[in-house]
Amino acid sequence: MKTRKINFESKILKHVSNEGKDLLKKLLERNPKKRISASEALEHPWIKHQATKAVIKKEDAKNVFNNIQNFCANIKLQEAAIIFMVNQLVTNDKIKDLKKFLWN
């Protein structure tokens with residue numbers, strides 16, 4: 001696990017409002033028990049403030065959905081490739097030996 005701290009004064013984040021920085025801190029909390037949930041994030045003042053003035057272009061929305069679909073497709077492709085490689089690299093005898101080892 002990386003232990004770097006976020007530099008909120010960095011070039012990228014220095015123009016983010018205090019509310020925005022607060023939300024980022026809460027979303028990036030390392031301890032899952034302390035991290036805010038998605039529902040809590042949606043109720044955060046920064047989200048509520050930004051949502052009232054948000055305008056999303058149809059083209060941008062399409063790009064977001066396409067990126068999500070591609071991400072999911074890539075994961076499925078990676079899983080299929082791993083299964084294929086394992087099946088190619090492991091012989092039936094090795095699988096039998098592994099089963100004996102695991103279940104005995």
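User: In what order do the elements run from the N terminus on?
Analyst: This is a predicted model. From the N terminus, the elements run α-α-α-α-α. That makes five helices and zero strands.

User: What share of the residues is buried?
Analyst: Buried residues are 8% of the 104. The accessible surface is about 9900 Å², with 60% of that belonging to carbon and sulfur atoms.

User: On to charges. How many positive and negative ones?
Analyst: The chain has 22 positive and 11 negative charges. Their mean positions lie 4 Å apart.

User: And how many salt bridges does a search of the whole structure find?
Analyst: Three. In one of them, Lys 21 pairs with Glu 9, with the closest N and O atoms 3.6 Å apart. Lys 21 sits in helix α1 (residues 18–27), while Glu 9 is in the segment before α1, twelve residues away.

User: Is Lys 21 buried or exposed? What about Glu 9?
Analyst: Lys 21 is buried, at 9% relative accessibility. Glu 9 is exposed, at 57%.

User: Which residue does Asp 22 meet in a salt bridge?
Analyst: Lys 26, at 3.1 Å, N to O. Asp 22 and Lys 26 are four residues apart in helix α1, so about one helical turn separates them. Asp 22 is partly exposed at 28%, and Lys 26 is partly exposed at 33%.

User: And Lys 48, what does that bridge to?
Analyst: Glu 43, with the closest N and O atoms 3.1 Å apart. Lys 48 is partly exposed, at 44%.

How values were computed. Residues are numbered from 1 along each chain as its sequence is written. This is a predicted model: local features need pLDDT of at least 70, side-chain atom pairs count only at pLDDT 80 or more; totals for chains, interfaces and linings use all residues. Side-chain values use heavy atoms; hydrogens and water are left out. Helices (H or I, at least four residues) and strands (E, at least two) are DSSP runs, numbered from the N terminus. Buried means under 20% relative accessible area, exposed over 50%, partly exposed in between (1.4 Å probe, protein chains only). Accessible areas come from the Shrake-Rupley method with a 1.4 Å probe; for residues, only the protein chains shown count as cover. Lys and Arg count as positive and Asp and Glu as negative; His and the chain ends are not counted. The place of a charge is taken as NZ of Lys, CZ of Arg, CG of Asp or CD of Glu. A salt bridge is a side-chain nitrogen of Lys or Arg within 4 Å of a carboxyl oxygen of Asp or Glu.
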